[in-house]
Amino acid sequence: MPVLTRSSGSLRRAGVLVLSALTSTACLHSVDRAPTDGLTLPAAWNTAASEAPTRSGDPRWWTRFQQPGLNALVTDALTQNRQLRAALARIEQTEAVLRQQTALLFPTLELSGGASRGNNVIFLGDQRIQTINNQYSLSSSAAYELDLWGRVRHGRQAARLDAQAAALDATAAAHSIAAQVTETWLSLIETEARLKLTRSQADLNARYLELTRLRFEYGAGSIVGIRQQEQQAAGVRSQAPLLKAQAGVLRNQLAALTGHPPGKLHIQTPPNLPQLPPVPATGLPADLLLHRPDVMAAWRRVRAADHRVGVAVAERLPALRLTADAGYQSQSSDRLFDEMIWNVTAGLVGPVFDAGRRAAGVRRADAVLREALAQFEQALLDAMVEVENALLQEQEQRRHVEALSQRVAASQSLLDATRERYANGLSDYLPVLTALTTLQADEQSFLTAKRQLLSFRVQLHRALGGDWSIVATTPTGEPA
């Protein structure tokens with residue numbers, strides 16, 4: 001490695017070499033892959049929306065339920081949830097890596113200074129000579145590697161894409177948490193409504209039991225009818241403790257999702273399930289590339305892996321490093337700045353033999369790229385499946401709810417008819433008991449079916465993604 005001084009004739013030649021390198025720098029690896037190169041997207045969804053979709057001015061889809069209590073819970077979760085805080089911390093990590101990669105584009109400058117005092121002894125025959133030497137120094141050094149083949153630029157771009165992917169991961173986590181809070185909240189309303197319905201059914205069973213006992217006292221009934229009604233009443237009452245426990249579990253889950261200890265969050269729920277909000281605009285399958293944060297994050301990881309192939313390719317080529325040192329050195333502190341010493345060095349370093357290590361690095365980077373691409377395509381397929389499933393399930397669940405509504409009405413009519421025949425002595429109590437059992441089971445199923453329809457709507461919103469985000473996807477880890 002030559003040392004360039006003012007008396008060296010190679011200084012001009014080194015300048016020419018540096019200028020030539022600066023004007024000929026180019027990335028050997030281009031990143032021009034498109035998101036749909038390896039996957040053909042359908043032109044439309046297979047299942048149409050059950051009604052005309054509508055667009056909302058507020059991208060926060062949970063506000064469509066028009067429930068202030070739900071809005072407060074989701075807002076609390078988006079600020080207090082610990083998993084979301086961990087995702088936000090991962091963004092800061094990736095932005096710090098981006099700043100480190102960006103710093104490689106600039107020279108490094110170091111300053112050092114020192115002072116020493118030493119005792120030296122020299123023997124000349126029998127004569128002993130002792131000297132005390134002082135040494136003072138102050139110097140600075142600069143180093144810079146020219147990015148001839150785009151290694152640093154590829155690395156910085158990969159780090160920037162990693163930071164963007166981390167921000168999108170946090171947004172995906174926020175979407176998931178909002179959906180979890182909404183579904184848990186709906187389950188809590190359903191459970192408490194079922195508990196209320198169970199208590200109402202228990203009261204009705206008690207009245208029917210009293211009726212069978214009165215008829216038995218007047219000789220118009222049988223002890224079998226009484227025992228059957230007692231069995232029915234006990235069965236309904238036995239469901240209340242389980243529903244009460246389930247409601248407590250759901251409240252604890254909501255507390256954890258919103259970052260509170262169990263029992264420390266006051267949750268008010270409406271007495272009934274909310275109405276199904278308007279159908280959101282489903283768009284086209286290709287829109288998932290712009291609205292699903294997990295799909296967008298997966299695509300950025302593909303591009304980051306592509307840039308890292310460029311890093312691996314560039315590492316197989318020579319590197320041009322420039323260093324410069326300048327400073328002062330003296331045996332006296334008051335004469336430290338009398339004379340400056342300096343040197344400039346240019347070094348070209350390239351691999352000759354590494355037993356295939358760098359070539360293996362290129363193959364590994366290419367395999368990582370193919371893995372990231374397969375994961376992206378799978379994420380896109382999964383997203384399309386989730387939208388299709390949500391549309392299909394909601395469509396069929398609507399029909400199921402409508403059929404159950406008709407069944408509840410029919411069961412009520414049947415109970416009224418059998419009760420009238422029993423009161424007129426035209427039948428025994430068994431048809432009444434059967435009709436009562438069927439009606440009460442249908443009422444419970446109807447509640448669950450309505451909640452499930454709302455849950456499918458939540459899943460549709462979650463599957464479609466959205467254009468709201470809790471973080472900016474533009475990384476801030478670069479110097480201004």
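Which residue forms a salt bridge with Glu386, and how far apart are the closest N and O atoms? View 1 below has the answer. Before the tour, please note that this is a predicted model, where local features need pLDDT of at least 70, side-chain atom pairs count only at pLDDT 80 or more, and totals for chains, interfaces and linings use all residues. Residues are numbered from 1 along each chain as its sequence is written, and side-chain values use heavy atoms, with hydrogens and water left out.

**View 1. Glu386 pairs with Arg292 in a salt bridge.** The closest N and O atoms of the two residues are 2.9 Å apart. A salt bridge here is a side-chain nitrogen of Lys or Arg within 4 Å of a carboxyl oxygen of Asp or Glu, and by this rule the count comes to 19 salt bridges. Arg292 is buried at a relative accessible area of 5%, while Glu386 is partly exposed at 38% (buried means under 20% relative accessible area, exposed over 50%, partly exposed in between, with a 1.4 Å probe and protein chains only).

**View 2. Glu145, Arg151 and Arg321 are linked in a network of salt bridges.** Within this group, the closest N and O atoms of Glu145 and Arg321 are 3.5 Å apart. Helices (H or I, at least four residues) and strands (E, at least two) are DSSP runs, numbered from the N terminus. Both ends of the pair are partly exposed: Glu145 has a relative accessible area of 24% and Arg321 one of 39%.

View 3. Glu190 is buried at 6% relative accessibility, whereas Arg194 is partly exposed at 22%.

**View 4. Helix H3 (residues 82-103) packs with helix H4 (residues 151-217).** Their axes are 8 Å apart, at an angle of about 170 degrees (axes are lines fitted to C-alpha atoms, for helices over the stretch in contact, and angles run from 0 to 180 degrees between N-to-C directions). H3 is therefore roughly antiparallel to H4 (angles under 35 degrees count as roughly parallel, over 145 as roughly antiparallel, 65 to 115 as roughly perpendicular and the rest as oblique).

**View 5. Trp61 and Trp62 form an edge-to-face aromatic pair.** The ring centres are 5.6 Å apart, with 85 degrees between the planes. Rings of Phe, Tyr and Trp (its six-membered ring) pair if their centres lie within 6.5 Å; planes under 30 degrees apart count as stacked, over 60 as edge-to-face and the rest as tilted. Trp61 and Trp62 are both buried.

**View 6. Trp299 and Phe376 make a tilted aromatic pair.** Their ring centres lie 5.1 Å apart and their planes meet at 50 degrees. This pair links distant parts of the chain, with Trp299 in helix H7 and Phe376 in helix H8, 77 residues apart. Both residues are buried.

**View 7. Ala256 is found in helix H5 (residues 223-257).** At 51% relative accessibility, this alanine counts as exposed. The C-alpha atoms of Ala256 and Val181 are separated by 9.9 Å, and the two residues are 75 apart along the chain.
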